[in-house]
Amino acid sequence: MKYRWVSLVPLIAAIVLLALLPALVNNYWLRIATGALMWAGLACSWNMLGGYAGYINFGQSAFFGLGAYTSALLMGDPLSLPFFATIPAGIVVTAIFAIIIGAPTLRLRGAYFAIATWAFAEVLTQFVNVVDFTGGIGGLNLPPFLDERFFYFTMFAAAVLTYLVTWALFERSRFGLKVKALRDHEPAAEAMGINTALVKLQTFLLSAVTASVFGSIFAYWVTFINPKSVFGGDITDQMVVMVLLGGLGSLWGPAIGGVGLFVVNRLIWMNWGDTAFYIAILGAAIVLVVLFLPNGIVGLFAKRPARSGTVLDKAVNRLAGGEGGHS
Amino acid sequence: MSRTNLAVENDEIRSAGGYILTVHDLYRHFGGINAANGVNLNVGRREIAGLIGPNGSGKSTLFSLVAGTIKPDRGQIHFDGHEIAGMSPHRIARLGLARTFQIPAMFDNMTVTENLLAAAAQDHWQGAHERAADTLSLLKLEHVADNRASDLSGGQQKLLEFGRVIMRQASLILLDEVTAGVHPNIRKIMLEAIARLRERGISFLIIEHDMEMVRNVCDRIIVMDSGRVVASGSFNEIVRNSEVMQTYLGRPQ
Ligand SMILES: Nc1ncnc2c1ncn2[C@@H]1O[C@H](COP(=O)(O)OP(=O)(O)O)[C@@H](O)[C@H]1O
Ligand SMILES: [Mg+2]
């Protein structure tokens, strides 16, 4: 299957350009690039389960927040662990919660999972709001480290790793075949010997811990976090819209949607400050996708774009209570 | 109804030696409908058994019960030395049972080749690419190998459904109306493929409405009505049994 290697060419070109970026732009734009990489990575993490497996997760910000808070707590008093030691800790904490949420609900119809993830994120936010050790609503400070290049390259490495893993696992391996098979027709996937409950849980785990890694880096980067800044439901909303706009279930869609919408967000912020304009754009993007672009922006470049039984159809069927991705 | 040709004597079922599949007293209801109402049947090793019966008699339900897609209320299903009633479908599949779905159950967003590979991804990955290529040529689907499954014609989807079952390397294959509504050319391709698989020692249980095909392919015919097996025998025995024929032909699909 030679044609798939073609997707490596833009990847290599993008990596080279991005590696040179700190030499080309000032700190202001470097910060924006760092944010764009983070959102590309987060969108990709949501797409692993939402796009490749067709299971909609409305609580992905919980895992971003778990990574952020684990790093903040471990880097602060009394442990003062080095930053890179806190990333694996965040992964472990996130994985435990993902198993607790995913194992029982991923066996049920997709709507239950969607509700469970949303409720989990809400409960976790309220919990962090009220308990003492997380600093409550006041949040937590991290040891300040003001090297923009460090954060740019750390985010860059995390994003490249995320896309490489996604490509290798979901586009190139038989694991990816199993995931896509269960997305498109769960009973048929089972009939092929695929343990769909297990494969879904594995995918959910990978999706959750990826968000957690970006949460860890984000917390150290911004040096201050509170429940709203890392658990907020708007973080999940943005990931969802980025993926839908870029192309659900595709490798590059989340990168296009993530970078595109984040840059638009920053441009609006620069010109008009903190307005509701960006929210309106998110809404318009959803309408656009639902009405005209079921395959997102990447669908515009497809030779034979899908018309029926699209990935979006599969995910929506699940939410509507259809069994296993088909109505 | 007379049961002259009922080949499902309990003793016979319990001594399951020669059978790859034995179903004993299987029940399953949907609301007030008894879709499986005490099903007894067996399929011998290397046998091609045809399953016929009017629409709604419970044939597809029986397949789903055997494959584990739906759970029986009670009863036993013995497959190749294992009691599989109530077992999850992926475990039953891994034991060597493969089934098609009456409505093609395509992996819509995957290509034809990927659909075939997905069928082997779990437990038959060794050499899967070569076998997928062989299957494509056996079923004459090479020209659509890279098309999305949802873009195929109905007949092609039936072929792909059949192709995925071939990829499973199963010991028993359940085919649910795979030839219904397909072009005679495609039907011929399927018949040839079934003949080849049988040479490899694979057993079949085939739901089929086309009596010509039933006569040509099946060693034995099993007749279902209202969730039960009502007769079993050779094609000629079944045709001579006028009551069975009335049951079957008197209520056309
Ligand atoms: N999932 C289901 N829910 C409710 N009723 C069902 C379901 N599956 C089958 N039935 C009913 O069970 C009976 C047997 O159906 P089926 O096994 O599809 O028959 P056949 O394949 O012989 O045409 C029918 O009355 C059908 O309506
Ligand atoms: Mg049927």
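Predicted model: local features only at pLDDT ≥ 70, side-chain atom pairs only at ≥ 80, totals over all residues.
The contact draws on 29 residues from chain B and 28 residues from chain A. Between the two chains, 12 residue pairs are in polar contact, and the interface holds 1 salt bridge. On the side of chain B that touches chain A, the elements that give two or more residues are helix H3 (89-94) and helix H4 (112-120) of chain B. The residues on this side of chain B divide into 12 nonpolar, 7 polar and 10 charged.

The salt bridge is formed by A:Lys314 and B:Asp108, whose closest N and O atoms are 2.7 Å apart. The side chains of B:Asp108 and A:Lys314 also make a polar contact, with a distance of 2.7 Å. B:Asp108 is placed in the loop between S6 and H4 of chain B, and with a relative accessible area of 14% B:Asp108 counts as buried, because the limit for a buried residue is under 20%. When neighbours within four places in sequence are left aside, B:Asp108 is in contact with residues of both chains, namely A:Asp184, A:Gly309 and A:Lys314 on one side and B:Arg148, B:Ala149 and B:Ser150 on the other.

Chain B as a whole contains 10 helices and 10 strands. Of the 253 residues in chain B, 59% are buried. Among the contacts in chain B between residues at least 6 apart in sequence, 67% join residues that are at least 24 apart. A magnesium ion (ligand 2) is coordinated by B:Ser60, through OG, and by B:Gln102, through OE1, at 2.1 Å. This pair links distant parts of the chain, since B:Ser60 belongs to helix H2 (residues 59-67) of chain B whereas B:Gln102 belongs to the loop between strand S6 (97-99) and H4 of chain B, and the two are 42 residues apart. B:Ser60 is partly exposed, with a relative accessible area of 24%, and B:Gln102 likewise counts as partly exposed, at 34% relative accessibility.

Two further positions in chain B lie in loops. B:Asp80 is found in the loop between strand S4 (74-79) and strand S5 (82-83) of chain B, where it is partly exposed, with a relative accessible area of 28%. Although B:Asp80 is not a glycine, it has a positive phi of about 50°; most residues other than glycine have a negative phi. B:Gly181, in turn, lies in the loop between strand S7 (172-176) and helix H7 (184-199) of chain B, and with a relative accessible area of 78% B:Gly181 is exposed. The C-alpha atoms of B:Gly181 and B:Gly75 are separated by 34 Å, the two residues being 106 places apart along the chain.

In chain A, A:Thr94 is found in helix H4 (residues 83-105) of chain A and is buried, with a relative accessible area of 0%. The side chain of A:Thr94 makes a polar contact with the side chain of A:Ser212, at 3.3 Å. If residues up to four places away in sequence are not counted, A:Thr94 touches A:Phe63, A:Leu66, A:Gly67, A:Ala208, A:Val209 and A:Ser212.

Two features of the backbone of chain A may also be described. The peptide bond from A:Asp77 to A:Pro78 is cis, with omega near 0°, whereas most peptide bonds are trans. A:Pro78 lies in the loop between helix H3 (61-75) and H4 of chain A. A:Thr223 lies in the loop between helix H9 (196-222) and strand S2 (224-225) of chain A, and its relative accessible area of 17% places A:Thr223 among the buried residues.

Terms used
Residues numbered from 1 in each chain as written. Chains lettered and ligands numbered in written order. Heavy atoms only, no water. Contact = heavy atoms within 4.5 Å. Salt bridge = Lys/Arg side-chain N within 4 Å of Asp/Glu carboxyl O. Polar contact = N/O pair within 3.5 Å; in protein donor to acceptor, adjacent residues only side chain to side chain. Helix = DSSP H or I, 4+ residues; strand = E, 2+ residues; numbered from the N terminus. Nonpolar A, V, L, I, M, F, W, Y, C, P; charged D, E, K, R; others polar. Donors = N, O, S within 2.8 Å, 3.2 Å for Na, K, Ca; no water. Buried < 20%, exposed > 50% of the residue type's maximum accessible area, 1.4 Å probe, protein only.
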